[in-house]
Each structure stands twice: as structure tokens, then as C-alpha cells.
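Subject: Structure handover

Hello,

Here is the structure for you to look through.

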Amino acid sequence: MKDALIYLTSAMAVVMATVVVLTRAPVRQAMVLSGYGLTLGVLFVVLQAPDVALSQIGVGTVVIPLLVLLAVHAARRHLPPLDTPPPGGPPPGTAPHAPDTHRHRPAGRGDDT
């Protein structure tokens, strides 16, 4: 019975690690990372390491996701909103220019005559 519980929690940890890696949005990834920390904490309890489990739950479930969320919030605070054009760009409400589709021949081919 104990071996089955170890295999189950180990498999859950592998699944959660994969979900963390495949999550694209940083805020969602922080939330999934919190669940992964909790899963690892349960795995450590099953492996009879309560002190490591307590540290993992404290750090991996609370502290690291909180730091990630604070870093994302701070980074977004310093970025301009998406609807403002970059400096020197077209004014708001105007259509951007069509890309330059004229292709130039590379220099030095010898067929320019």
C-alpha cells in the first residue's frame, strides 16, 4: 500500500511539473507552480520527511509564486499600454503602412547589366 502511494504522488509530481512547463501565461504559471509545490510537499510527507515537506510547502507553495506574481506586476506597471503606439510610430487611429514588398537584388551577382 505504501509503495502505491509513493508511485501515485510521484506520478502526480511529474504531471504537475509538466503542466508548469507547458503553461504559457506567467500569472497562471505562478498558480500552477503553487500547486506543484503542494504536490511535492505531499510527496515528502509520504516519503516520511516532514521537515522537508514543511519547508517545501512554505517556500514552494507560498513564497516563490508570490515573488513571481510581484515581479510580473512590477514589470507590467512599467510597460506602456498595448494601445499606445511606440515613439515615432503612426498616430493612433491610423492604419499602419503596408510592408515594403520591393525586393532588391543582392550586390555582386554580376547580372545587373
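Below is what I found, starting with the whole chain and then going element by element.

This is a predicted model. Please read every value below as computed from it.

Overall layout. The chain has three helices and zero strands. Along the sequence the pattern is α-α-α. Of its 113 residues, 19% are buried. Take the contacts between residues at least 6 apart in sequence: 52% of them join residues at least 24 apart.

Helix α2. This one spans residues 26-46, 21 residues in total. From first C-alpha to last it reaches 30 Å. That is close to the 30 Å expected at 1.5 Å a residue. Its buried residues are Ala30, Val32, Ser34, Gly37, Thr39, Leu40, Gly41, Leu43 and Val46. What lies over them? The cover includes α1 (2-22) and α3 (50-77).

α2 against α3. The two helices pack at about 175°, and their axes are 7 Å apart. An angle over 145 degrees counts as roughly antiparallel, so α2 and α3 are roughly antiparallel to each other. The residues of this contact divide into 17 nonpolar, six polar and one charged. On the α2 side they include Pro26, Val27, Met31, Leu33, Leu38 and Phe44. Ala30, Ser34, Gly37, Leu40 and Gly41 also meet α3, and these five are among the buried residues of α2. On the α3 side, the list includes Val52, Ala53, Gln56, Ile57, Gly60, Thr61 and Ile64.

Alanine 53. This residue lies in helix α3. Is alanine 53 buried or exposed? Its relative accessible area is 1%, so alanine 53 is buried. Setting aside neighbours within four places in sequence, alanine 53 touches Gly41, Phe44 and Val45. Alanine 53 and threonine 39 are 14 residues apart in sequence, and their C-alpha atoms are 9.7 Å apart.

Glutamine 48 is in the loop between α2 and α3. What is phi here? Phi of glutamine 48 is near 60°, a positive value in a residue other than glycine. Most residues other than glycine have a negative phi. Glutamine 48 is also exposed, because its relative accessible area is 61%.

Threonine 9. Now to helix α1, where threonine 9 lies. Threonine 9 counts as buried because its relative accessibility is 10%, under the 20% cut-off. Where does its side chain reach? It reaches the backbone oxygen of leucine 5, at 3.0 Å. Beyond neighbours within four places in sequence, threonine 9 is in contact with Thr39, Val42, Leu43 and Val46. Of these, Thr39, Leu43 and Val46 are among the buried residues of α2.

Valine 15. This residue is also found in helix α1. Valine 15 is partly exposed, with a relative accessible area of 46%. Valine 15 and threonine 39 are 24 residues apart in sequence. In space they are 10.0 Å apart, C-alpha to C-alpha.

That is everything from my side.

Best wishes

Notes:
Residues numbered from 1 in each chain as written. Predicted model: local features only at pLDDT ≥ 70, side-chain atom pairs only at ≥ 80, totals over all residues. Heavy atoms only, no water. Helix = DSSP H or I, 4+ residues; strand = E, 2+ residues; numbered from the N terminus. Expected span 1.5 Å × (residues − 1). Buried < 20%, exposed > 50% of the residue type's maximum accessible area, 1.4 Å probe, protein only. Contact = heavy atoms within 4.5 Å. Axes fitted to C-alpha atoms, helices over the stretch in contact; angles between N-to-C directions. Parallel < 35°, antiparallel > 145°, perpendicular 65-115°, else oblique. Nonpolar A, V, L, I, M, F, W, Y, C, P; charged D, E, K, R; others polar. Polar contact = N/O pair within 3.5 Å; in protein donor to acceptor, adjacent residues only side chain to side chain.
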